[in-house]
Amino acid sequence: MSAAAASSRQPIGDPLDRVDGRLKVTGGARYAAEFPFERMAYAAVVPSAIALGRVSRVDTAAAERAPGVLAVLTSRNAPRLVQASAGGGGGGGTPEKGGEQKAKSGGQSQQSGGGSAGADPFAKPYVLQDDRVRNFGQTVALVIAESFEQARDAAALVRVDYRPERAALVMERELGRAFVPEKFLNPEVKPETKRGDFESGWSEGAVKIDATYTTPNLHNNPMEPHATTAVWNGDRVTVYDSTQNVNGTQRNVAALFGVPPDNVRVIAHFIGGGFGCKGPTWEHTIAAVMAARVVKRPVKLALPRQQMFAAVGYRPHTQQRVRLAATRAGRLTAVAHETTTATNQAHAYIESAGVATPMLYATPNLLVRHRAVPLDWPRGTIMRAPGEGAGVFPLECALDELAVALRMDPIELRRVNEPERDPQKNIPWSSRSLLKCYAQGAERFGWGKRNPEPGAMKDGRMLLGWGVATATYPTNRRPTSARVRIAPDGSALVQLAATDIGTGTYTALTQIAADALRLRPERVKVEIGDTNFPQTPGSGGSWGVASYGSAVHEACLDARGKLAGLGADESVADFLQRSRSAQPVEGHADSKPGNEKEQHSMHAFGAHFAEVRVDPDTGEVRVSRFVGAFACGRIVNAKTATSQFAGGIVMGLGMALSEESVVDPHYGNFVNADLAGYHVPVNRDVPKIDVILVEEEDKFVNPLGTKGIGEIGIVGVPAAIANAVYHATGRRVRDLPLTPDKVFA
Ligand code: MOS
């Protein structure tokens, strides 16, 4: 739709085209590796070839003699970083914490420097500060050269000798060392959550399910690989970084290089996807800043796809046992969800798979537990819907198994267990429209025509299966500042640090400002991705519009308040013209949530409907139809929102059918570390995806009534597909991905 047509309507809710779309398709949008500088030098990482031990010797002579090489850094000659004690800086807008989660086998007290920093999944990367190797792929040397090719070539000439130590690389062999994690990245998650008494609820149940499900390591794999370009000017540095969190990168760079945060400017105008892996600050970013300081030239470090697998995190493997007990009428009497997940010894990122289980359904008796197994795998991190992404899969499959055992329709089973209030917190929902999502999705999908008998529906020789599952994600908001400047000509400039990781943040904020100022969207310019602008959290936790949007909204109201005589519905442009003002008007907001989460339980909900066609001879599963219905409060842009939901569904489709990162049990590396070995869905794998935006009004979540949509799309998709595969074949596969060998084992 054209901007002119859009301008005649309410800016919020309009399916406005992306305001940055033209820049992106014409190549005008600059990404971190695309800023040109005179005398640019290029850095290449030499990654560790072992999982655990020490570097005993590094021979850099051949690399130093190679053409174009400017410097080779190792822990022997690298500049010292400031190893602050825990508590400073911090990335990802996450709480800093001390030395909890001691997940170690002893003798590793200096795992990542700073003593207690080792257990922090967002710990600052003390790159090249000692000879310890904590995981495969860790930076053990850095080559800086005149060109990218020369740096890469010389990196291959660096010879590293190691003293390997026994590494824990197979989770099943290390279960005896499992520990109870005390803290999670999401502070609302507890290691154990209970209500009522599980055991008595279990014995009351007439029908029971007890099953264990597994999810593999999964990599975020954004289209744009991670990259950093660093430019020092005296003791000030500008960092062009592919990061979801410019302020987090700023704090970490400042802390590690011992300069005030104001001396560090981080720019991320455009980001080609992140999904969480661009939330933390990783080694390569600090390495690029370090290299630029050493060679006194701008330095670019672009990670090759293969190195990203070990260097920038992944969603760690889980084993999850779910037990459900219910009455013959389908009412749950007990739910248990026990997760065992892998974690890196030095950086304890814990996958909080049980996070949604306490709130999703009504049951008087519940037990949710997390345990973590310390391994020497590369460190994990957040990935789209960390927690829910892996954890709703087993819960929603187990409900399907229960529905089969009860001979009950799976949607009816969810209706029977719909809670009136948050069953764990015992407070009302700010809004909850799950059953409406199921009703509208079922109508669109044609669920009423389903024959529930497994294998009963066919299309020619193909087995047809239909499955459903619930999606959910909490509604978050973080403190955010923003400013707006309205010029005498009635155009507005909005600025805040914020990032747009491809989700449409530029466009949504344009609409929010246009709405508050009563301007046409084309009169509003939004500038983000720069620490010179007011401070914000990183983009993540689906809080972008709720946090950034609320701040922009409030900054615009602040500006309006400065215009005496401005009518409530009057455009600021009209007012300025009428008053012949020659002065710009500025507005500012430091916007933050209040105690609304204590009064209402705030979550978004959705329902997935999958149709699969299974080849009876090969076991190949194809998703042939998909409907996702989502109720996420107010939708700011129907077009970008639909894209974002569909993107989550595509990612869930990959998780269901093909994505898996395999760790070599001897060396601790990922063996399928490229896009030929790690299979993300391609066009041929993706059917038409029908997204339904279920209308929902929420008066409590934030000033805009938005719930966040970035992560919910993936949640539950693998369960809907696995449930459809059961329906097609009668075979219950509880281990992702659903590859043909498992479907017809
Ligand atoms: Mo998302 S995993 O919070 O970027």
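**Exercise 1. Contacts along the chain**

Among contacts in the chain between residues at least 6 apart in sequence, what percentage join residues at least 24 apart?

*Solution.* The model is predicted. Take the contacts between residues at least 6 apart in sequence. Of these, 82% join residues at least 24 apart.

**Exercise 2. Overall build**

Describe the chain as a whole: secondary structure, extent, burial, surface and charge.

*Solution.* 
- Step 1: count the elements. The chain has 19 helices and 25 strands.
- Step 2: For 745 residues, a compact globule would have a radius of gyration near 27 Å. The chain has 26 Å, so the two agree.
- Step 3: box the C-alpha atoms along the principal axes. They fill roughly 75 × 75 × 50 Å.
- Step 4: check burial. Of the 745 residues, 62% count as buried.
- Step 5: The chain carries 85 positive and 78 negative charges. Their mean positions are 1 Å apart.

**Exercise 3. An arginine in a loop**

Is R477 buried or exposed, and which side chain does its own side chain meet in a polar contact?

*Solution.* 
- Step 1: locate the residue. R477 sits in the loop that links β18 (462-474) to β19 (480-486).
- Step 2: apply the cut-off. Buried means under 20% relative accessible area. R477 has 12%, so it is buried.
- Step 3: find the polar partners. The R477 side chain makes a polar contact with the side chain of S591 at 2.8 Å. The R477 side chain also reaches the backbone oxygen of K592, at 3.4 Å.
- Step 4: list the neighbours. Leaving out residues up to four places away in sequence, R477 touches residues including W543, A546, E554, P593, E596, N702 and P703. S591 and K592 are also among the residues touched.

**Exercise 4. An isoleucine in a loop**

Where does I712 lie, and which residues does it touch?

*Solution.* 
- Step 1: locate the residue. I712 falls in the loop between β25 (689-693) and α18 (717-729).
- Step 2: read the accessibility. I712 has 0% relative accessibility, so it counts as buried.
- Step 3: collect the contacts, again without residues up to four places away in sequence. I712 touches A471, T472, Y473, A604, F605, G606, H608, F630, C632 and F645.
- Step 4: Q440 is 272 residues from I712 along the chain. Their C-alpha atoms are separated by 17 Å.

**Exercise 5. Backbone exceptions**

Which residues does a cis peptide bond join? What is the phi of F275, and what is the phi of A385?

*Solution.* 
- Step 1: recall the background. Most residues other than glycine have a negative phi, and most peptide bonds are trans.
- Step 2: take the cis bond. The bond joins L736 and P737, with omega about -5 degrees. P737 lies in the loop between α18 and α19 (740-743).
- Step 3: take F275. Its phi is positive, about 60 degrees, although F275 is not a glycine. F275 lies in the loop between β11 (264-267) and α7 (283-295). At 26% relative accessibility, F275 counts as partly exposed.
- Step 4: take A385. A385 is not a glycine either, yet its phi is positive at about 55 degrees. Its loop runs between β15 (366-375) and α10 (388-406). A385 has a relative accessible area of 0%, so it is buried.

Technical notes:
Residues numbered from 1 in each chain as written. Predicted model: local features only at pLDDT ≥ 70, side-chain atom pairs only at ≥ 80, totals over all residues. Heavy atoms only, no water. Helix = DSSP H or I, 4+ residues; strand = E, 2+ residues; numbered from the N terminus. Rg over C-alpha atoms; globule rule 2.2 N^0.38 Å. Buried < 20%, exposed > 50% of the residue type's maximum accessible area, 1.4 Å probe, protein only. Contact = heavy atoms within 4.5 Å. Lys, Arg positive; Asp, Glu negative; His and termini not counted. Charge placed at Lys NZ, Arg CZ, Asp CG, Glu CD. Polar contact = N/O pair within 3.5 Å; in protein donor to acceptor, adjacent residues only side chain to side chain.
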